[in-house]
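Dear colleague,

I am passing on the structure below, together with notes on what turned up in it. Please read the notes alongside the coordinates.

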Amino acid sequence: MRKLVLICTLLFFISSSVYAQTQLKAGDKAPAFSAKDQNGKIVSLTSFKGRKLVLYFYPKDNTPGCTKEACNLRDYKDTLAAQGYTILGVSTDDAFSHQQFIKQYNLPYDLLVDSDAAINKAYGVWVQKEREGKVFYGTARTTFIINESGVITKVIDAVKVDAHAEQILTK
């Protein structure tokens, strides 16, 4: 029994350190993904080949911070598009929630359904959180700027929800 506990403990620490070493950064190839958007259409990273992509991860539709971030990106969509960027949001909410969020705030870009957090995990943004003494896993608000070749050029992990587009546009 002791050996089993020791082996499990070692495996935990090894997997934790591997996870810490696999954090994505500028210059890394963006992990491939494929998921349904709010309308059930399959979207993948290869859909954006030859275009710059703003891939933003947010915790939950219709919450104050996520709404501010989504609306800031909406308000700067033309400016971002003029710089060659396409915007794509990702959360673990379902398609119906995404549809309502898009409709309520007139969001002009697609939102991916990542209900099993597979894309969150691939990008390293599925993290342990704590609120009111309860520990759970959720999305760390993070944005990846991906170039035309599928390479990450910028990672924004200290997102300013009221000024996120400015963070994207700043070199």
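The side chains of Asp-28 and Lys-25 form a salt bridge with an N to O distance of 3.3 Å, where a salt bridge is a side-chain nitrogen of Lys or Arg within 4 Å of a carboxyl oxygen of Asp or Glu. By this rule there are 4 salt bridges. In another, Glu-69 meets Arg-141 at 2.7 Å, N to O; this pair links distant parts of the chain, since Glu-69 lies in helix H2 and Arg-141 in the loop between strands S7 (134-139) and S8, 72 residues apart. Glu-69 has 0% relative accessibility and so counts as buried (under 20% relative accessible area, with exposed over 50% and partly exposed in between; 1.4 Å probe, protein chains only). Arg-74 and Asp-75 also pair, at 2.8 Å, N to O, but here Arg-74 is partly exposed at 25% and Asp-75 is exposed at 52%.

Helix H2 covers residues 64-75 (helices are DSSP runs of H or I, at least four residues, and strands are runs of E, at least two, numbered from the N terminus). Its buried residues, including Cys-66, Ala-70 and Leu-73, pack against several elements, among them strand S4 (85-91) and helix H4 (95-105).

This is a predicted model, in which local features need pLDDT of at least 70 and side-chain atom pairs count only at pLDDT 80 or more, while totals for chains, interfaces and linings use all residues. Residues are numbered from 1 along each chain as its sequence is written, and side-chain values use heavy atoms, leaving out hydrogens and water. The mean pLDDT (the predictor's confidence in each residue, from 0 to 100) of the protein chain is 89, although pLDDT stays under 50 over residues 4-22.

Best regards

Note on methods
Contact means heavy atoms within 4.5 Å. The expected span of a helix is 1.5 Å times one less than its number of residues.
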